[in-house]
Amino acid sequence: MDRTLKTRLEAKLSDQLAGPIRQRHDETEIRVTPGSLIETMRVLHDDPDLQFVIIADLCGVDTGQSMQVVYHLWSNKTPDWLRIVVEGLPREDPRVPSLTGLWPGAEWMEREAYDMFGIVFEGNRDLRRIYMPPDYTSFPLRKDFYLADDAARSPGSGVRHMEQTQAPIQAPPSAALRTVRP
């Protein structure tokens with residue numbers, strides 16, 4: 001855990017953070033609001049002491065009460081990965097600014113989070129579905145998404161019909177004793 005990274009982040013971003021900086025093993029985590037995301041990411045990307053030049057991952061999270069977007073960044077200035085959690089997105093209309101201006105590679109990741117969670121990345125030039133059909137109206141990774149066979153229910157409710165095992169088909173004993181003659 002890089003304690004100097006925590007000190008640098010506190011000095012440069014203290015007024016933009018939505019909570020304390022957390023560190024565990026080789027990962028440092030900060031939390032921000034959607035309104036401070038662009039400025040926070042610009043500092044992380046452009047500041048010569050930080051230089052988080054690689055966005056390794058971006059994903060959506062449905063907590064059940066609200067939505068989040070989680071980013072993982074890498075810099076050669078620290079051995080720690082940096083996780084940024086954008087908190088407090090409303091489930092009815094989750095929106096955050098696109099980061100494609102800083103990391104062009106974020107475009108595809110933003111499209112995936114849009115397709116699976118319905119999170120709108122404002123400013124993404126090609127925000128459309130990539131897995132689901134264009135006319136699909138649901139978001140499969142949300143907690144309120146249910147499959148037609150109710151596969152989202154608790155496993156303690158019993159075995160569903162599609163999971164019941166079948167006894168193997170046994171060949172009649174006489175078939176096993178037959179010999180093949182040329």
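Is Ser 36 buried or exposed? I looked this up first. At 12% relative accessibility, Ser 36 counts as buried, because the cut-off for buried is under 20%. I note that the model is predicted.

**Entry: Ser 36**

I placed Ser 36 in the loop between S2 and H2. Then I checked a distance across the chain. The C-alpha atoms of Ser 36 and Pro 97 are separated by 9.8 Å. Along the chain these two residues are 61 residues apart.

**Entry: the chain as a whole**

I read off the secondary structure next. The protein chain has 4 helices and 7 strands. In sequence order I get α-β-β-α-β-β-β-β-α-β-α. The chain holds 182 residues, and buried residues make up 38% of them. I also looked at contact range. Among contacts with a separation of 6 or more, 51% involve residues 24 or more positions apart.

**Entry: H1 against H2**

I took helix H1 as residues 3–13 and helix H2 as residues 37–46. Their axes come within 11 Å and cross at roughly 130 degrees. That makes H1 oblique to H2. I logged the crossing of H1 past H2 as right-handed.

Which residues of H1 meet H2? I found Leu 9, Lys 12 and Leu 13 on the H1 side. On the H2 side I found Thr 40, Val 43 and Leu 44. By class, the residues of this contact divide into 4 nonpolar, 1 polar and 1 charged.

**Entry: what H2 hides**

I listed the buried residues of H2: Leu 37, Thr 40, Met 41, Val 43, Leu 44 and His 45.

**Entry: the largest nonpolar core**

In soluble globular proteins, nonpolar side chains tend to be buried together. I looked for the core here. The largest nonpolar core has 34 residues. Which of its members touch the most others? They are Met 41, Leu 44 and Tyr 71. H1, strand S2 (27–32), H2, strand S3 (52–62), strand S4 (67–75), strand S5 (81–89) and helix H3 (106–117) each supply at least two residues. H3 gives the largest share, 5 residues.

I followed Met 41 further. Not counting residues up to four places away in sequence, Met 41 touches Tyr 71, Leu 73, Ile 84, Leu 99, Leu 102 and Trp 103.

I started with Ala 113 in helix H3. Ala 113 is buried, at a relative accessible area of 4%. Leaving out residues up to four places away, Ala 113 touches Leu 58, Gly 60, Gly 118, Ile 119 and Phe 121. The C-alpha atoms of Ala 113 and Arg 129 are separated by 9.4 Å, at 16 residues apart along the chain.

I went on to Ile 119. Ile 119 sits in the loop between H3 and strand S7 (120–122). How is Ile 119 placed, buried or exposed? Ile 119 is buried, with a relative accessible area of 0%. Beyond four places in sequence, the contacts of Ile 119 include Gly 60, Met 67, Gln 68, Val 69 and Leu 89. Pro 94, Val 96, Ala 113 and Tyr 114 are on that list as well. I also checked Arg 95, whose C-alpha atom is 5.7 Å from that of Ile 119, 24 residues apart along the chain.

Gln 68 lies in strand S4. I have Gln 68 as buried, at 14% relative accessible area. With neighbours within four places set aside, Gln 68 is in contact with Ile 119, and also with residues including Arg 31, Cys 59, Gly 60, Val 85 and Glu 87.

**Entry: positive phi**

Most residues other than glycine have a negative phi. I searched for exceptions. His 25 is not a glycine but has a positive phi of about 55 degrees. His 25 is in the loop between strand S1 (22–24) and S2. At 58% relative accessibility, His 25 counts as exposed.

Gln 51 is also not a glycine and has a positive phi of about 45 degrees. I placed Gln 51 in the loop between H2 and S3. Gln 51 is partly exposed, with a relative accessible area of 28%.

Definitions and conventions. Residues are numbered from 1 along each chain as its sequence is written. This is a predicted model: local features need pLDDT of at least 70, side-chain atom pairs count only at pLDDT 80 or more; totals for chains, interfaces and linings use all residues. Side-chain values use heavy atoms; hydrogens and water are left out. Axes are lines fitted to C-alpha atoms, for helices over the stretch in contact, and angles run from 0 to 180 degrees between N-to-C directions. Angles under 35 degrees count as roughly parallel, over 145 as roughly antiparallel, 65 to 115 as roughly perpendicular and the rest as oblique. A crossing is left-handed if the near helix is turned anticlockwise from the far one by less than a right angle, and right-handed if clockwise. Contact means heavy atoms within 4.5 Å. Ala, Val, Leu, Ile, Met, Phe, Trp, Tyr, Cys and Pro count as nonpolar, Asp, Glu, Lys and Arg as charged, and the others, Gly among them, as polar. A nonpolar core is a set of buried Ala, Val, Leu, Ile, Met, Phe, Trp, Tyr and Cys residues joined through side-chain atoms within 4.5 Å. Buried means under 20% relative accessible area, exposed over 50%, partly exposed in between (1.4 Å probe, protein chains only).
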